[in-house]
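Colleague: I have a model to look at and some time to go through it. Can you put it up, and we start with the terms?

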Amino acid sequence: MTSALTQGLERIPDQLGYLVLSEGAVLASSGDLENDQQAASAISELVSTACGFQLHHGINIPFKCLSVVFGEHTLLATMSGQTVFVVKRQNRGWEPIDV
């Protein structure tokens, strides 16, 4: 069953799984990231570190989307308030274009 919290995450193309985190706790998970507390902890720490890089003084989050790119997949994290939304997406192979 889709909740309002995860409705948009399930429609992301090529997604392999997702996590919804708040203060390090997993609120929702699915796919490759389902019940993955180790990934949740690592991502929470990464987001916390990234939030510490304030280039401008203000209350805004210093990033819109945080991407960690691996060979086969990418983890994308974004925040809304105190909630962190993480999606694992399959990387698409790009074929060369003949000109």
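Modeller: Buried means under 20% relative accessible area, exposed means over 50%, and partly exposed is in between (1.4 Å probe, protein chains only). This is a predicted model, where local features need pLDDT of at least 70, side-chain atom pairs count only at pLDDT 80 or more, and totals for chains, interfaces and linings use all residues. Residues are numbered from 1 along each chain as its sequence is written, and side-chain values use heavy atoms, with hydrogens and water left out.

Colleague: Fine. How many helices and strands are in the chain?

Modeller: The chain has 1 helix and 5 strands, in the order β-β-α-β-β-β from the N terminus. Helices (H or I, at least four residues) and strands (E, at least two) are DSSP runs, numbered from the N terminus.

Colleague: In what order do the strands sit in the sheet?

Modeller: The 5 strands make an open sheet, ordered 2-1-5-4-3, with antiparallel pairing. Two strands count as paired if DSSP finds at least two bridges between them.

Colleague: Which strands stand at the edges?

Modeller: Strand 2 and strand 3 (66–69) do; each has a single partner strand, so one side of each is left without a neighbour in the sheet. The twist averages 15 degrees from one strand to the next. Axes here are lines fitted to C-alpha atoms, for helices over the stretch in contact, and angles run from 0 to 180 degrees between N-to-C directions.

Colleague: Over how many bridges do strand 3 and strand 4 pair?

Modeller: Strand 3 pairs with strand 4 (residues 73–80) over 4 bridges, in the antiparallel sense. Leucine 66 has alanine 77 in strand 4 as its bridge partner.

Colleague: And which strands does helix 1 touch?

Modeller: Helix 1 packs on the sheet and touches strand 1, strand 2, strand 3, strand 4 and strand 5. The direction of helix 1 makes about 65 degrees with that of strand 1. Contact means heavy atoms within 4.5 Å.

Colleague: Switching topic. How many salt bridges does the structure hold?

Modeller: The structure holds 2. The criterion is a side-chain nitrogen of Lys or Arg within 4 Å of a carboxyl oxygen of Asp or Glu. In one of them, the side chains of aspartate 14 and arginine 92 meet at 2.6 Å, N to O. Aspartate 14 lies in the segment before strand 1 and arginine 92 in the segment after strand 5 (83–90), so the pair ties together parts that are 78 residues apart in sequence.

Colleague: Is arginine 92 buried or exposed?

Modeller: Arginine 92 is exposed, with a relative accessible area of 54%, while aspartate 14 is partly exposed at 30%.

Colleague: Where is the aspartate 32 and lysine 88 pair?

Modeller: The side chains of aspartate 32 and lysine 88 form a salt bridge at 3.1 Å, N to O. Aspartate 32 is in the loop between strand 2 and helix 1, and lysine 88 is in strand 5, 56 residues apart. Lysine 88 is buried at 15% relative accessible area, whereas aspartate 32 counts as partly exposed at 45%.

Colleague: Backbone next. What is phi of aspartate 14?

Modeller: Phi of aspartate 14 is near 65 degrees, a positive value in a residue other than glycine. Asparagine 35 also has a positive phi, about 55 degrees, and is not a glycine. Asparagine 35 lies in the loop between strand 2 (25–31) and helix 1 (37–51), and counts as exposed at 66% relative accessibility.

Colleague: Last one. What percentage of the residues in the chain is buried?

Modeller: Buried residues make up 28% of the 99 residues.
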